[in-house]
Amino acid sequence: MTIKTKIKKTFPIHSLTALLKTEKHEEPVIDGLRGLSVIMVVVFHSLFTVYFIFKSRPELFQTYIEGFVLPSRFLFGFDKAVDIFFMISAYLLGKSLLRQASEQHIRIRTFYINRVFRIYPLFLLALLIFSLGSWHLFERDFWFNLIFVDNFMHNTIIPVGWSLSVEMQCYLLLPFVIILANKTNSPVLFFSALLVFAIALRAYMALQNPEVYQIPFYAILLNPEIDYQYMDVMYYSTPSRVASFVVGLLWASIVLHPRYRHVCNYLVKNKNLASMLAGICGILILISFYFPVYDQLTWERWPLLQELNFVFVSFHRFIFSLALLALILLSNGKLSLTNRFLSSRFFRPFSKLAFPIYLFHFPALVIAWLLVLQTTKIKTIVAITPLQTGMAAVIAMVIVVWISLPLHYLLEKKFINLGRKLCRS
């Protein structure tokens, strides 16, 4: 590749066109899910930026939420994009390792080298950039972030760094979990049992910290101490988030097992049954998007929410992940609506640029909100509309895609290829 070609690839028209090409080993549905997830992340953080703007004036944040008509408030559940990322990573890596295990040879060294060269180059760049604005955090917390334990130490420098720490901790154990699953001769049952354990563990963590479900979520946001406790126990910690990763492993084991694959194909061919089950899954996914409930009026109008809050806190992410898995398995045919939607080429650029977008969308959001609000004086802002939020999300996405293109071609892709060369040597 000439220098001229490399330079061209850093500009949107040329590089976005290249990203639209599908390679043989790729799964269009996975690409679509990844692309959709990164869009969801940017949208969610566009919404949550308003929370930080109005953090000292919670009544204005409640007014902001009330500006969204009830059906549109599912957007506040777009933080579940992280659960999709966990599922996809576990599915792709789990499927690869399960195939190797079936051949009695898991290439552990190759697995770790690929993970390091896939994640560390962009991660280190992001760590340096985000540290420039808070050098005291860099000096205090650099090592916690570097070895991916910041989600336990409460010292994340990169805003989304906690989720990378959860993934890297799972990656550390993954080859050995796969070896153990393969020795049982029934990986599907093994991961099913592991999933039950992961769900029970999250419920146990909630029971040990009753404030996280006894207090309505809008009130948690108003209380810094309880907010910190909720995020620490139910959001950032690896034990509370591992269920989505296990769902991804279960997905991989089902796809690779002839008997379970046959059952899925049978359900897909039975169109009426498949449509009914897919509809139920879609409803469950939509309901899960409405939790947590951010607005005070909904809590007051529906006392049942408080009665069932332990169930919601403990199981809403598991319900979402499992319903999504079932929907994907039931949408295996090319003619299915879900398959056609996720296979759209629209999602491919976002999928290919997912990692740099994920790491660097916060600076893009800051710029976007400055352009939309046209002020840096937060205390003078007394109202923000859903339309302004949408504008900020679109502007931020355009900016971060532009930033991500050279990062993908000149840094991310190069180190991925370097890792592969080292594995072959």
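Asn185 is found in the loop between α9 (161–183) and α10 (187–208), where helices (H or I, at least four residues) and strands (E, at least two) are DSSP runs numbered from the N terminus. Asn185 is not a glycine, yet has a positive phi of about 65°. At 68% relative accessibility, Asn185 counts as exposed; buried means under 20% relative accessible area, exposed over 50%, and partly exposed in between, with a 1.4 Å probe and protein chains only.

The model is predicted: local features need pLDDT of at least 70 and side-chain atom pairs count only at pLDDT 80 or more, while totals for chains, interfaces and linings use all residues. Residues are numbered from 1 along each chain as its sequence is written, and side-chain values use heavy atoms, with hydrogens and water left out.

**Further backbone features**

Gln374, in the loop between α22 (354–373) and α23 (386–424), is another residue other than glycine with a positive phi, near 55°. Gln374 is exposed, with a relative accessible area of 69%. In the loop between α16 and α17 (296–301) lies Pro292, which is joined to Phe291 by a cis peptide bond with omega of about 0°.

Helix α5 has 22 residues and reaches 31 Å from its first C-alpha to its last, close to the 32 Å expected at 1.5 Å a residue. The expected span is 1.5 Å times one less than the number of residues. Of the 22 residues of α5, 18 are buried, so the helix is largely enclosed by the rest of the structure.

Helix α19 (residues 309–330) also has 22 residues and should span 32 Å; its end C-alpha atoms are 30 Å apart, which agrees.

**Salt bridges**

A salt bridge is a side-chain nitrogen of Lys or Arg within 4 Å of a carboxyl oxygen of Asp or Glu. By this rule the count comes to nine salt bridges. Three of them are set out below.

| Salt bridge | Closest N and O atoms |
|---|---|
| Glu27 and Lys95 | 2.5 Å |
| Asp31 and Arg34 | 3.1 Å |
| Arg140 and Asp141 | 2.9 Å |

Salt bridges that share partners also join Asp79, Asp83, Arg241 and Arg317 into one network.

The salt bridge of Glu27 with Lys95, at 2.5 Å, links distant parts of the chain: Glu27 is in the loop between α2 (12–19) and α3 (28–53), and Lys95 is in helix α5 (residues 81–102), 68 residues apart. Glu27 is partly exposed, with a relative accessible area of 27%, whereas Lys95 is buried, at 11%.

Asp31 and Arg34 both lie in helix α3, three residues apart, about one turn of the helix. An α-helix has 3.6 residues a turn, so residues three or four places apart point the same way. Both Asp31 and Arg34 are buried. In the remaining tabulated pair, Arg140 counts as exposed at 52% relative accessibility, while Asp141 counts as buried at 2%.

**Cysteines**

How many disulfides are there? The count comes to zero, a disulfide being a pair of cysteine sulfur atoms within 2.5 Å. The sulfur of Cys264 is 11 Å from the closest cysteine sulfur, in Cys281, too far for a bond. Cys264 counts as buried at 15% relative accessibility, and Cys281 is buried, with a relative accessible area of 8%.

**Nonpolar surface**

Met276, Ile280, Leu284 and Ile319 form a nonpolar patch on the surface, with about 320 Å² of accessible area together. Patches are made of residues with over 30% relative accessible area and no salt bridge, like charges being joined within 9 Å and nonpolar side chains (Val, Leu, Ile, Met, Phe, Trp, Tyr) within 5 Å. Accessible areas come from the Shrake-Rupley method with a 1.4 Å probe; for residues, only the protein chains shown count as cover. Helix α16 (residues 271–289) contributes the largest share of the patch, three residues. Ile319 is found in helix α19 and counts as partly exposed at 31% relative accessibility.

Phe52, in helix α3, is exposed, with a relative accessible area of 51%. Phe52 and Tyr64 are twelve residues apart in sequence and 12 Å apart in space, C-alpha to C-alpha.
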